[in-house]
Amino acid sequence: MWPDTEAHAAAVQQLSLLPPLVFAGEARELTERLADVATGKAFLLQAGDCAESFDTSADSIRDRLRVILQMAVVLTYYTGVPVVKVGRIAGQFAKPRSSDTETIDGLELPSFRGHIVNDVGFTADERIADPERLLTAYNRAAATLNLLRAFTKGGFADISRVHQWNREFVANSPAGQRYEVIAEEIERAVRFMSACGINSETLTDLRQVDFYTSHEALLLDYEESLTRLDSLTGDWVDCSAHMLWIGERTRQLDGAHVAFLRGVANPLGCKIGPTATPDDVTALCEALNPDHVPGRLTLITRMGATKVVDSLPPLLSAVADAGHPVVWVCDPMHGNTFTADDGRKTRHFEDVLAEVSGFFAAHRFAGTHPGGVHLELTGDDVTECLGGGTDLVTADLGSRYETMCDPRLNGSQSVDLAFRVAELLRNGAR
Ligand code: PEP
Ligand code: CO
């Protein structure tokens, strides 16, 4: 993939000398949180960009965090269980492609593989795989993580700011107005607790949130060079993010991705698409979590709205029968992508919701816990997915279609989805 093999070797060598981005103890803590998700005592919200850009602004990072915090408030308020927050952020730079090349008007060029490899523009120069990008990815991930740590620990995430997380364009949407009502109630509760002597000065949990990072572990040279020995436990930990997942295209049992990730102690995810058989899935559980550690393995199912009700129950039963304590999470995005009449890749809000609903139904049927959702979203007011509270239509797609890869829910669609998912959960879907 890298034409300049010397530059690639030098970049990887340099990465191996740089400080870790996360600490082993944080990854262990996330495993413990996920163990609670596996037994239904917490809910996982894993969300962020499809492909992060090297050009992401500080405002855009803040707004993505803001919408995730809003969604978590809605889910917690309705369900009464803690929400474990994991971003697809600070390292989600590599994209798997189904084809090595892309042809436009007779010109064939290498496919865009994410900013960690090449650029999105359609010129031969921009599509060259440049190893220098591995180092830029590390630096961008470090800067993003630094900002996230500042926001989540430095006052921005204080529960007393619950109103201020509602950006104007979200607040003007039906979902944003519903959010205002909850925010008002929470503020009242916060004032009451404060009058009783409990406030964000006396209780750090009101002032800070725990926010973890994750990305698809696609480029194994990058992941390996950031893998370090944890002096406390003697385990190898991939310090590029707290949680790493294996994509739908690279989950072969005898493949390099499974071989690498089984050797690191981080909590792991694995995407499971509609072609996976019960034997495939139990074999993956055995390979990735042979000791049956609760919270170690999250299976992220992405079946498509029309397939989920039939495809999922046999997998849920097989894993339960094999005694594997997995976290089941629904990715309602990747099985529901289609090309709109204007030629743009899109997803419909109702399909996304239908897959989540089918996921809950499958778990009810199998007697297992629906652990959470895995979403592609942005806090920005983009027009990439159809439907949702403001009912985006095909003619709107062109106005702010900004994704470098898959279509993402915008801020108000995300808050809308949180309400709809919360209602499904409250109405006995768990
Ligand atoms: C993704 O999560 O962006 C992705 C490519 O998903 P999948 O591996 O499930 O297709
Ligand atoms: Co995607």
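D391 lies in the loop between β14 (370-376) and α13 (411-429). Phi of D391 is positive, near 50 degrees, and the residue is not a glycine. Please keep in mind that this is a predicted model.

D105 is a second case, also a non-glycine residue, with a positive phi of about 50 degrees. D105 sits in the loop between β3 (101-104) and β4 (107-110). Is D105 buried or exposed? D105 is exposed, since its relative accessible area is 81%.

Now the metal. Which residues coordinate the cobalt ion, ligand 2? The donors are C50 through SG, H334 through NE2, E376 through OE and D406 through OD, at distances of 2.1 to 2.4 Å. Along the chain, these donors of the cobalt ion follow the spacing C-x283-H-x41-E-x29-D. C50 is in the loop between β1 (43-48) and α3 (58-79), and H334 is in the loop between β11 (327-330) and β12 (337-339), so this pair ties together parts that are 284 residues apart in sequence. C50 has 0% relative accessibility and therefore counts as buried.

Next, ligand 1. The residues around ligand 1 are C50, R88, K95, P96, G247, E248, R249, K271, R302, H334 and E376. C50, H334 and E376 in that list are also among the donors of the cobalt ion. The side chain of K95 has an N or O atom 2.7 Å from an oxygen atom of ligand 1. For the side chain of R302, the distance from an N or O atom to an oxygen atom of ligand 1 is 2.7 Å. In the side chain of H334, an N or O atom lies 3.0 Å from an oxygen atom of ligand 1.

On to the cysteines. A disulfide is a covalent bond between the sulfur atoms of two cysteines. How many disulfides does the model have? The count is 0 disulfides. C385 is in no disulfide, and its nearest cysteine sulfur, that of C50, is 11 Å away. C385 counts as buried because its relative accessibility is 1%.

Helix α2 covers residues 24-38, and its 15 residues, at 1.5 Å a residue, should span 21 Å. The end C-alpha atoms of α2 are 21 Å apart, so the two values agree. Buried residues in α2 are A24, E26, A27, L30, T31, L34, A35, V37 and A38. After α2 comes G40, with a positive phi near 85 degrees.

The other helix is α9, residues 256-261, which contains H257. H257 counts as buried because its relative accessibility is 13%. What does H257 touch, leaving aside neighbours within four places in sequence? H257 is in contact with A217, L218, L220, I246 and T250. As for L219, its C-alpha atom is 9.0 Å from that of H257, and the two residues are 38 residues apart along the chain.

That is where I stop.

Key. Residues are numbered from 1 along each chain as its sequence is written. Chains are lettered from A and ligands numbered from 1 in the order in which they are written. This is a predicted model: local features need pLDDT of at least 70, side-chain atom pairs count only at pLDDT 80 or more; totals for chains, interfaces and linings use all residues. Side-chain values use heavy atoms; hydrogens and water are left out. Donors are N, O and S atoms within 2.8 Å of the metal (3.2 Å for Na, K and Ca); water is not among the atoms, so sites may look incomplete. Helices (H or I, at least four residues) and strands (E, at least two) are DSSP runs, numbered from the N terminus. Buried means under 20% relative accessible area, exposed over 50%, partly exposed in between (1.4 Å probe, protein chains only). Contact means heavy atoms within 4.5 Å. A disulfide is a pair of cysteine sulfur atoms within 2.5 Å. The expected span of a helix is 1.5 Å times one less than its number of residues. A residue is near a molecule or strand if one of its heavy atoms lies within 4 Å of it. A polar contact is a pair of N or O atoms within 3.5 Å; within protein, one must be able to donate a hydrogen and the other to accept it, and residues adjacent in sequence count only if both atoms are side-chain atoms.
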